[in-house]
Amino acid sequence: MKKIIISVLFSLLPGLVYAEDISVEPASIEPVSTEQISTTEISAEQQGFEIMQEMDARDMGWGDMNTDMQMILKNKNGDEHIRSLRLKTLEMQGDGDKSLSIFDTPRDVKGTAFLSFTHALEADEQWLYLPALKRVKRISSSNKSGPFLGSQFAFEDLTSFELKKYKYNYLRDEVVDGVDSFVVELFPQYEHSGYTRNVVWVDKERYIPLKVDYYDRKNALLKTQKFIDYKQYLEQYWRADKSEMQNHLTGKSTILLWQGYVFRTGLTERNFDKNTLKRSR
Amino acid sequence: MVIKAAYNRRQTIRYRVVSAVVLCLLLARPLYAWELTGYVGIEDLAFIERPLDSRQHMNYVSGVIEAELYHEWDNGSQVFAFVPYFRGAQYDSNRTHFDIRELTWVKAAESWELRLGIREVFWGVTEAVHLVNIINQRDMVENIDGEDKLGQPMINFAFIQDWGTVDLFILPGFREMPFTGVDGRPRPRPPIDGNDAVYDKNGFARQVAYAIRWSHSIGDWDIGLSNFYGTSRDPVILVETDSTGQMLRLIPYYQNINQTGLDLQATIDSWLLKLEAIVRVNETSTDFATVAGVEYTFFNIADTGLDIGLLAEYLYDSRGVFAPTSFQNDFFTGIRFALNDVQDTQLLAGVIVDSESYAQFYNIEASRRFFDNFRLEVEARFFNGAQPNEPAYAFRNDSHFRFELSYHF
């Protein structure tokens, strides 16, 4: 019986590379391999894990990506401030993505660039380039919960999704905005998170997040994020054109608009080193 | 009639030329994007105490403009940048100055980069002083913090490998440090006479300098090891006296040096551990200087977005009072506030205390954005408790505020 379940599990995995992720997730595998659980009923933890694993698996292999991002910061009075940046991302096999963000506006920080090597559980590596001083500064990546550019997005909301970052719990099925979805709880396992848990609505058909509720350290609902206008690229990968983050505590919100997604442009790790960071403008 | 026909024809030709140019620009634009950015600003320097010299003033106004023309092509692997800079200052003609901060072409390949032209290079990790940073001359008329640099002509070849980056520099053209003029502040009394600089090699500057640097990131560690050979950017200040011992004037003295530098930072959790050290050999002596310190940041305090960073650094220089900086055996402590708000409000307050004389130098820098395109910077610099035998004594009456409002385009 054990063997069957494990072989079924492995047949779900898209590639060998992925086996590395699974091997360090003993907590999620153990419940399945114990004798008490039958093939028909799996624990909510396992079910949640499998949903997110499928989501992660379907979004693998895009290689590298360029996009322009605009942030619209809104306060309660409706005042708006716009930030624009360019984003380059390199998918890393068996590790978190590498990304380079270059700020275009506000003009006083034009040319400031942010280089980040994300990791699942170890601390991310981050460097900031300050164009006025021509200085590259290695910065602490402990700032997970702080606001990114004064927006309602925390640093941790914008880093790449890695399976190992969370423990999971499947809650229920639910229809959200007319789309049949799984509802899964995510419990951050990395240090310095500002959340006790995130609740994610995952589209059952496309396996993409539609909505996320973020619960603060006191387990009170803090923010809700919605992903809007998904488009498919390279006949596989779904990317939203728009995302909205509403803070329920302050009434402030931030809209992210992505434009001009280009995939597989031939970026290499060399495009994500300190030399490139210094050249970026 | 004849005249009119000719006129019409010229109109037609002009129209054709214009439309051809417009068409070219339209076609060329996505491939060859030229970008013009920069800022214009107005600055006020307000001094608290009366000047030591009657030729100096209590308040100085100036205007500044810096533009950047930037062009990137070949899929981002070739870059051209031109950054002219101008400050027009009241009273002090030395401070009214033009400089080309950058005029450069860069070609990047997978395992190397070639950077040619006038550029600025920063090396180092610490906050109170930048010992290792030696490529560019400091623009001391711009701001006494020395963070502003004069553009340096260079040929820089970077060799990029898995084991780090090796940068080779040939630096033709030595640039002297600019000094505040007789009417300007802050300055020592008598003022430093930059026009009569002296050199240790045959009485003139060695024009070409050479440098090499290896830098790498290994896990939590960022490391740089460098060597510089050429005319020192920091002059020693010589005092010229008459037969009665009365100070006549101060003149800068540039030595030929070989400087080896190390900069190291460990980034562990919310801690930054920093070290810079140099060994400098000139004709007459071998000197050692170091700065070592820590920075700890409390991030997102009480979920308000506020970060508070605490900084502490120890500064040592074997050159004592002859050191080009006034920090020989001193402690720096500072606190940094970042509100991480929409206006990007920041404040850094620090004090350097001499461990022997307890002379203090206070420095407060704050900045905030307004209306998306404006930025206001406020700096406060206070000198206190310096003894007559210390270099900082020269600035005892020069505590001041600096305000700069800039518009960014």
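Is B:R280 buried or exposed? B:R280 is buried, with a relative accessible area of 5%, where buried means under 20% relative accessible area with a 1.4 Å probe and protein chains only.

## Basis

This is a predicted model, in which local features need pLDDT of at least 70 and side-chain atom pairs count only at pLDDT 80 or more, whereas totals for chains, interfaces and linings use all residues. Residues are numbered from 1 along each chain as its sequence is written, chains are lettered from A in the order in which they are written, and side-chain values use heavy atoms, with hydrogens and water left out.

## Salt bridges within chain B

The side chain of B:R280 meets that of B:D234 in a salt bridge (3.3 Å, N to O), a term for a side-chain nitrogen of Lys or Arg within 4 Å of a carboxyl oxygen of Asp or Glu. B:D234 lies in the loop between strand 10 and strand 11 (236–241) of chain B and B:R280 in strand 14 of chain B, so the pair ties together parts that are 46 residues apart in sequence; strands are DSSP runs (E, at least two residues) and helices likewise (H or I, at least four), numbered from the N terminus. B:D234 also counts as buried, at 15% relative accessibility.

## Salt bridges between chains

Over all chains, the whole structure has 60 salt bridges. One of them links the side chains of B:D222 and A:R138 (2.4 Å, N to O); B:D222 lies in strand 10 (residues 221–231) of chain B and A:R138 in strand 6 (residues 135–139) of chain A, so the pair joins two chains. Both B:D222 and A:R138 are buried.

Note on methods:
Buried means under 20% relative accessible area, exposed over 50%, partly exposed in between (1.4 Å probe, protein chains only).
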